[in-house]
Amino acid sequence: MAVDEDRLMEFLHRFVGDLGATMAAGGIVVGDRLGLYRALAQGPARPQELAERTGTAPRYVEEWLRGQAAGGYVQFDAASGEYSMTEEQAFALTDPDGPVFVPGAFQLALGALKAENEITRAFRTGEGVGWHEHDADVFAGCERFFRPGYSAHLVSSWLPALDGVEARLRAGIRVADVGCGHGASTILMAREYPESTFAGSDYHGDSVAAARKHAENAGLDGRVRFEAASAQSFGGGPYDLVTTFDALHDMGDPLGAARHIRRQLADGGSWMIVEPAAGPTVSDNLNPVGRVYYSFSAFLCVPNALSQEGGYSLGAQAGEEPVRRLATDAGFGSFRRVAETPFNIVYEARP
């Protein structure tokens with residue numbers, strides 16, 4: 001075999017970067033859970049000082065800081081021996097309620113990787129691995145991964161892009177949030193539109209219980225309810241607006257879900273479909289965002305879909321045309337793309 005040394009070295013550089021990133025994921029989650037980032041954002045510190053701020057062991061903190069500095073997640077001043085954070089690093093690493101929160105994505109990734117044995121077996125058998133079979137960090141990490149994007153865009157741009165929906169939300173309508181997980185999207189809408197009522201549903205009972213707790217903590221009891229139900233069986237309609245956030249592609253029977261949503265919609269209602277950003281072809285998605293979504297999809301989305309009846313496994317990079325086809329086949333008369341970000345595309349389907 002003739003090996004081009006330059007291309008080999010190029011590949012090995014990629015390998016070293018990926019290996020470092022893989023191990024760094026654990027350090028990022030540890031730093032979040034122990035409050036190391038938040039404490040360092042208070043001001044520069046040597047390892048001993050940061051350990052004192054956080055009640056942790058200095059030697060561990062020292063090694064953690066070195067790795068974080070090598071990865072560009074914190075700064076190191078060789079002259080003073082102090083570590084610090086830039087405003088941008090602190091912005092992305094310390095505020096779980098902000099528009100960008102990096103640790104949540106790594107919590108989701110580490111949680112998903114804990115199922116490696118089950119996923120390897122599924123590759124051999126073709127069987128599915130249900131969402132409910134994953135580690136609890138998948139459910140919590142998923143909320144912490146997606147909530148910042150929803151916080152940044154849902155109320156400010158996505159809902160206003162729908163045809164006349166925001167004015168109706170402010171006046172008071174009935175909304176169903178299907179596949180709501182821990183209820184982040186449901187609660188964001190309920191806070192912004194106090195005249196409307198919201199019903200979240202998810203097939204995963206533990207997530208529904210967490211959503212109820214979050215709604216209670218937010219003081220939204222009475223206007224928000226949650227039920228454990230699939231996208232093909234949730235009740236309570238007719239609704240003026242139905243939403244699905246990063247959920248349709250996870251379903252084994254998305255057509256059945258789309259048909260049920262169509263039946264649950266009131267005349268003149270809208271279905272807002274938020275899905276991962278993806279181009280129409282595989283080649284269009286061979287980029288960093290596509291790599292993230294394809295990798296998550298192989299561990300979470302496709303296995304979950306294959307664990308359910310229905311015959312679909314769209315995956316996280318299905319793109320616009322399959323979603324349009326589902327809406328059309330389910331009886332929706334209009335379908336359009338209304339908004340997009342680097343990570344999501346938003347569609348509106350109407351009867």
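1. E63 and R66 form a salt bridge, with N and O 3.4 Å apart (the cut-off: a Lys or Arg side-chain nitrogen within 4 Å of a carboxyl oxygen of Asp or Glu). The two are three residues apart in helix α4, about one helical turn; helices here are DSSP runs of H or I with at least four residues, strands are E runs of at least two, and both are numbered from the N terminus. E63 is partly exposed at 44% relative accessibility, and R66 is too, at 41% (buried is under 20%, exposed over 50%, partly exposed in between; 1.4 Å probe, protein chains only).

2. Now for E62. R66 also bridges to E62 at 3.0 Å, and E62 meets R59 at 3.3 Å, N to O. E62 and R59 both sit in α4, residues 58–71.

3. A word on provenance: this is a predicted model, where local features need pLDDT of at least 70, side-chain atom pairs need 80 or more, and totals for chains, interfaces and linings use all residues. Residues are numbered from 1 along each chain as its sequence is written, and side-chain values use heavy atoms, without hydrogens or water.

4. On to the sheet: seven strands make an open, mixed one, ordered β5-β4-β3-β6-β7-β9-β8 (pairing takes at least two DSSP bridges between two strands). β5 (224–228) and β8 (334–340) are the edges, each with a single partner strand, so one side of each has no neighbour in the sheet.

5. Inside that order, β3 (174–178) and β6 (239–245) pair in parallel over four bridges, and V175 stands opposite L241 in β6.
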